[in-house]
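Please read the following report alongside the sequence and the three-dimensional structure.

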Amino acid sequence: MNHTTHFERKPAGILRASLFSAALAGFALVAGAADAQTLRAVKHSDLRVLDPILTTAYMSRNHGYMIFDTLYALDSDLVPQPQMVDSHTVSDDGLVYTFTLRDGLAFHDGAPVTGADVAASIARWGERDGMGQVLMSFVDSMSQGASANEFVMNLKEPYGLVIDSLAKPSSNVPFIMPARLAETPSTEPVPEQIGSGPFKWVADEYQPGVIAVYAKNEEYVPRSEPASWAAGGKVVNVDRVEWVVMPDDQTALNALQAGEIDYWESPPSDLLPILDANPDVTVKNLNALGMQTIMRPNTLNAPMDDVRIRQAAIASVNQKDVLDALVGNPELYSLCGAMFVCNTPLATDVGSETLTQGNGMDKAKSLLEEAGYDGTPIVIMHPTDVGTLRTQPVVVAQAMRDAGFVVDLQAMDWQTLVGKRASQASIADGGWHMFMTNWVGADVFNPLVNNMVNGKGPDGGWFGWPDVPKLEELRTSYATAPTLEQQQELAAEIQKIAFDEAVYAPIGQYFVPTAWSTSIDGVLDSPAPLFWNITK
Amino acid sequence: MFGYIVQRILAAIPVMGFVALFVFLLLRLTPGDPAAILAGDTATPEQLEAIRESLGLNDPIFTQFFRWVGQLLQGDFGTSILSGKPVIELIGDRMEPTISLALTTIILSVTIAVPLGVVAAWKQGTLIDRFVMLLSVLGFSVPVFVIGYLMISLFSMELKWFPVQGFRPIGEGLGDFLHRIALPTFTLTLLYIALIARITRTSMLEILGDDYVRTARAKGLPESRVLMRHALRNCSVPIITVIGIGFALIISGVVVTESVFNLPGLGRLTVDAVLSRDYPVIQAVILLASLIYVVINLLIDIAYVLLDPRIRYT
């Protein structure tokens, strides 16, 4: 067994360094002396994992957008646009895609971006990402083309979502890395942060839990088109971006109002009135797709293995109750039964009437009676340490109690939940019946990226593990559907079956506005926070 | 004395060993899987298994323990599971804010609280005494975060005398350092003034009734000399104990104060590591905190001898 991986390497000199001398080595930090070209931002969390392919953490994705670039990117109309790619051709039989990279692309270490780098990067992404895995199932081979700036993808059979896959906007994003890094096993972090994106990683100043620093990549050649979401020209107008960790919302509020930070990604909704009233602060929702909050039953454990019990649980819930408790301000949420998120081409309300109309209690009670529910306590995991996740379990649990369920609401921290939800154990052995989580809209906006409509069961399915082969058939059909109309039909059918099988339920769509000082301008709309285009 | 110190240091070794074993086992028994945290939402069971394997989490628990102890004996505290940074580096980065806050708080607290306690005891039952006791009750009763927010509201947002948050190393300029450490220091100082002043007053009251104090006064010594040289010195043992433990408490983490003022100290490092199940970091900081308590207790014991000649260690 090899234990000399990146995780356990022993840095030279550590032994000799006393804690005190390390402390006195000094570190640049947080706020203070104003530098007009430094943008200081407080993000929604702390950047801990630097490899955006290894993990789906949104902070790692955001970090990826800073230092890496993508072949394609979605614009604000959800249309893929070339980013690193100059042009591409598709053979008449639809099996060979040849991409030509645009001129001037270079990694931060000076090496030019080649087709070999792209092939290695896409292969590594394809091992980890759900949509990437589907793409890889169609790919026969990938390689550098006739010239260094060409990338060729050979398919086994035609696949209509090649470009859509490469333009995937949220975790995991198919970022392009140097081949020497992309060849790292996808279960280990890449050892360096070298990309070809608009910012360079300042490794010396990185302190997990404190600060992450990016410097403008002076050599970056942006596209000429205007920026739109992650597409278009990534023009950097500041010298440096600092992501400052502030665990306390009140402190972040004060720091923004005092001008010590410029940008606050996700202020809590109860502080928004204060920010709205401040003429020196702009508050705006940048992500039109918002967030989807969901309830996910475990189909393996009785009585949730009975579809009627799952249906009863979902029917008991009223989205408005959940969103009133979670968000409060009706301007910041929307009743939305669409599994693939409202305001997208695949949005449909089929099967979701009780959720959005809040009239399912009688149905829930009759389903429970019909199923002969015996009062077995339903174990709902309740993460109490995450502000955006601790409310929903309480509301859902009460709704289920009102319907006749006995609920065991088990308080725990989020990381305990993350560990526990992977367990397929019985309740007696520490298993679970239900949990709630939130997704960025762009992570659930089609049947391929939406993990919850995966019907592969205990072997290959997502936590909860519904075994619904029909869902898999329809997802495969969706992947090869040639027109948007057909995709919409298939998405609606998938949603109907997912509701019929009660594999999961969206229990609301909500929006998290971003606040920034009026001293900055050009903040882009996007499902992920972007820092190019901003002037200060 | 030297023999006593050696004996205490030797006695600390099994204590640290027990702490190491306890922390290690406790973490492994706590629910949560660092591999699952690292892998994110879409990892397959095979990928999770591969990550666990690369982290050594699949090894028997005692294999993991002895590997960690082996690393420790070589001075290697391991590497953070999530960030990949050496743990010693993470701790080193957090030491300066924590030590700075501890020193400024203790220095300011002792400077204010000991005279306050002496005066309160000397003037027992007067308005001064009642004021000191009121201050003490307030310091104990008002949560630190409330004091912190009030400080920020008044001195940062209204008067704009101090920045809201952040830390600047002393190496970047004494003025900037003091400017940023001031508010968190004032906040914690209120608590420590309450604690130290109360202990000082109580100890002084016991001593002031003793025969030797009456004798000193009868000799015609000035009251200040009676108070400071005869009374205070003889009641310094409990005061030193409280100061020492208070210092250790700050060093081992004042996470609320650190969060309110956004100080990147050891307290936040510990909490963040616990929440993310970053085992090597948690193990190292708890071990470090234990070591700090052991060392400070030893220093306190040595101080007893210097302050009170009646105390002898053999």
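Predicted model: local features only at pLDDT ≥ 70, side-chain atom pairs only at ≥ 80, totals over all residues.

Residues are numbered from 1 along each chain as its sequence is written, chains are lettered from A and ligands numbered from 1 in the order in which they are written, and side-chain values use heavy atoms, with hydrogens and water left out.

## The contact between chain A and chain B

Chain A contributes 63 residues to the contact and chain B contributes 64 residues, where contact means heavy atoms within 4.5 Å. The size of an interface is often given as the accessible area lost when the parts come together. Here the area buried between chain A and chain B is about 5600 Å², and carbon and sulfur atoms give 56% of that area. Buried area is the accessible area (1.4 Å probe) that two parts lose on being put together, summed over both.

Two salt bridges are counted between chain A and chain B; a salt bridge is a side-chain nitrogen of Lys or Arg within 4 Å of a carboxyl oxygen of Asp or Glu. A salt bridge joins A:Arg48 to B:Asp272, with 3.2 Å between the closest N and O atoms. There are also 15 residue pairs in polar contact between chain A and chain B, both residues being at pLDDT 80 or more. A polar contact is a pair of N or O atoms within 3.5 Å; within protein, one must be able to donate a hydrogen and the other to accept it, and residues adjacent in sequence count only if both atoms are side-chain atoms.

On the side of chain A that touches chain B, the elements that give two or more residues are helix H1 (19–24), helix H3 (115–128), helix H7 (249–257) and helix H14 (414–421) of chain A. Helices (H or I, at least four residues) and strands (E, at least two) are DSSP runs, numbered from the N terminus. By class, this side of chain A has 31 nonpolar, 20 polar and twelve charged residues. Ala, Val, Leu, Ile, Met, Phe, Trp, Tyr, Cys and Pro count as nonpolar, Asp, Glu, Lys and Arg as charged, and the others, Gly among them, as polar.

## Salt bridges within the chains

Over all chains, the whole structure holds 33 salt bridges. The table gives some that lie within one chain.

| Pair | Closest N to O distance |
|---|---|
| A:Asp109 and A:Arg180 | 2.9 Å |
| B:Arg168 and B:Asp176 | 2.8 Å |

In the last pair, B:Arg168 is buried at 8% relative accessible area, whereas B:Asp176 is partly exposed at 28%. Buried means under 20% relative accessible area, exposed over 50%, and partly exposed in between (1.4 Å probe, protein chains only). A:Glu473 and A:Lys470 both belong to helix H15 of chain A and are three residues apart, about one turn of the helix. A:Glu473 is partly exposed at 47% relative accessibility, and A:Lys470 is partly exposed at 38%.

## Buried side chains

A:His433, in the loop between H14 and S19 of chain A, is buried with a relative accessible area of 0%. A polar atom of the A:His433 side chain lies 2.8 Å from the backbone nitrogen of A:Val379. Not counting residues up to four places away in sequence, A:His433 touches several others, including A:Ala302 and A:Pro303.

In chain B, B:Ser54 is part of helix H3 (residues 45–55) and is buried at 7% relative accessible area. A polar atom of the B:Ser54 side chain lies 2.8 Å from the backbone oxygen of B:Ile51.

## Backbone geometry

The peptide bond from A:Ala302 to A:Pro303 is cis, with omega near 5°, and A:Pro303 sits in the loop between strand S15 (291–297) and helix H9 (307–315) of chain A. Another cis peptide bond runs from A:Ser171 to A:Asn172, with omega near -10°.

A:Trp465, a residue other than glycine, has a positive phi near 50° and is buried at 4% relative accessibility. A:Ala502 is not a glycine either, and its phi is positive at about 50°; A:Ala502 is buried, with a relative accessible area of 0%.
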